[in-house]
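Subject: Structure for you to look at

Hello,

Here is the structure I promised to pass on. Please open it first, then read my notes below.

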Amino acid sequence: MINERMISNMPFYGKSPFFPGVEEASVASAASAGSPPGPNDQTQDVVNRLSAAGLSMCVSALGSPARSSPVSAGSEHGERFSRKVFVGGLPPDIDEDEITSSFRRFGPLVVDWPHKAESKSYFPPKGYAFLLFQDESSVAALMEACITDDDKLYLCVSSPTIRDKPVQIRPWRLADADFVLDASMPLDPRKTVFVGGVPRPLKAVELAMIMDRLYGGVCYAGIDTDPELKYPKGAGRVAFSNQQSYIAAISARFVQLQHGDIDKRVEVKPYVLDDQMCDECAGARCGSKFAPFFCANVTCLQYYCEHCWATIHSRPGREFHKPLVKEGADRPRAVPFRWC
């Protein structure tokens with residue numbers, strides 16, 4: 001079973017490793033799909049016609065858009081969301097103040113986009129931005145106001161030249177950051193890989209299924225999120241139940257993540273820990289300090305102190321191995337090693 005040490009090495013951000021909320025959401029979704037026709041059907045017909053027409057009308061014209069929103073049922077189950085929300089497909093001439101005005105009715109917020117401070121631009125350069133709400137309840141209110149098309153949320157906003165343009169609203173559900181595929185297996189950090197460049201819409205369950213299909217033996221997948229807003233940072237971790245699958249994944253070095261609209265080639269590396277003793281000397285040659293280096297070559301796959309790294313990797317065939325070290329945001333990186 002999952003023990004306390006393994007959980008401490010693979011942070012779950014305070015959530016249970018068995019994620020009952022995932023099963024609850026699935027049951028609720030299945031029940032909703034099989035429910036008999038009700039009074040909401042008429043509203044759904046309006047939404048469908050709006051979708052077919054390119055969502056050219058403002059959401060407020062629906063009168064009660066919350067009835068057409070799939071998040072209403074989910075909210076009753078206490079689902080929680082990041083206070084950071086992606087909004088895409090913005091009008092090209094909309095500026096920061098106009099974006100703020102469009103979403104202020106849901107609560108206090110800050111509008112942000114990548115490299116905003118450096119660019120000193122008032123317009124999102126790539127047609128998307130992030131809404132950073134002060135309260136999580138604002139996200140729920142925003143979702144309730146959205147209409148759906150092909151399982152995506154949309155809300156209409158206006159700019160000086162474009163009226164009622166539908167923009168995509170993409171909230172992040174906190175429960176989607178972790179997924180246990182096999183709860184009977186322990187989480188071994190030494191059979192865990194770091195996946196860099198993970199597209200932010202990708203959920204942990206989707207990452208788990210992709211990696212399990214490619215290499216087998218996946219028991220856990222997690223999406224790294226920032227500690228304050230709990231929003232994806234663009235990286236993930238995958239734990240395997242066996243050494244063969246782990247070696248196959250790190251030997252591939254790259255993997256093609258394909259799911260829905262996502263199709264991206266990302267890098268796979270060993271997940272490097274910063275609390276491991278040297279596997280050669282067990283701390284005897286380094287004052288019992290934690291080992292700073294990890295060798296990802298399949299002939300090694302061990303942690304080394306500086307002394308043992310120099311000794312082992314001076315041998316023929318190993319002199320070109322590169323050490324990995326743990327750096328910020330759980331990202332392993334190769335470092336040059338200077339011979340003594």
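**What I found**

Helix 9 (residues 243-252) lies across strand 8, strand 10, strand 11 and strand 12. The helix runs at about 110° to strand 12. Helices (H or I, at least four residues) and strands (E, at least two) are DSSP runs, numbered from the N terminus. Angles run from 0 to 180 degrees between N-to-C directions, with axes as lines fitted to C-alpha atoms, for helices over the stretch in contact.

Two notes before you go on. This is a predicted model, with local features needing pLDDT of at least 70 and side-chain atom pairs pLDDT 80 or more, while totals for chains, interfaces and linings use all residues. Residues are numbered from 1 along each chain as its sequence is written, and side-chain values use heavy atoms, leaving out hydrogens and water.

**The six-strand sheet**

Helix 8 (residues 204-215) lies across strands too: strand 7, strand 8 (192-196), strand 9 (218-225), strand 10 (232-240) and strand 11. Its angle to strand 11 is about 125°.

An open sheet of six strands has the order 7-9-10-8-12-11, and the pairing is antiparallel. Two strands pair if DSSP finds at least two bridges between them. Strand 7 (178-180) and strand 11 (254-259) are the edges, and each pairs on one side only. On average, neighbouring strands of this sheet are turned by 25° against each other, direction ignored. Six bridges link strand 11 to strand 12 (residues 262-270) in the antiparallel sense. Phe254 stands opposite Glu267 in strand 12.

**The cores**

The largest nonpolar core has 52 residues. Such a core is a set of buried Ala, Val, Leu, Ile, Met, Phe, Trp, Tyr and Cys residues joined through side-chain atoms within 4.5 Å. Buried means under 20% relative accessible area, exposed over 50%, and partly exposed in between (1.4 Å probe, protein chains only). Val193, Leu207, Met211, Val238, Phe240 and Leu257 have the most contacts inside this core. Helix 8 gives the largest share, six residues. Apart from this core lies another, of 24 residues, including Phe81, Phe106, Leu109 and Leu153. In soluble globular proteins, nonpolar side chains tend to be buried together.

**Helix 5**

In helix 5 (residues 96-103), Ile99, Thr100, Ser102 and Phe103 are buried. Why do the buried residues line one face of the helix? Seen down the axis of helix 5, they fall within an arc of 160°, so they line one face. The arc is that of the directions from the helix axis to the C-beta atoms. The partners of these buried residues include strand 1 (84-88), strand 3 (128-133) and helix 7 (136-145). Contact means heavy atoms within 4.5 Å.

Strand 5 is mostly covered, with five of its six residues buried. Strand 4 joins strand 5 through three bridges, running antiparallel. Thr148 stands opposite Leu153 in strand 5. The two strands form a hairpin with two residues between them. Asp150 sits in the turn, with a positive phi of about 55°. Is Asp150 buried or exposed? At 63% relative accessibility, Asp150 counts as exposed.

Strand 5 also pairs with strand 6, antiparallel, over five bridges. There, Tyr154 stands opposite Gln168.

His115 has a positive phi as well, near 60°. This histidine is in the loop between strand 2 (109-112) and helix 6 (116-119). His115 counts as exposed, at 59% relative accessibility.

Best wishes
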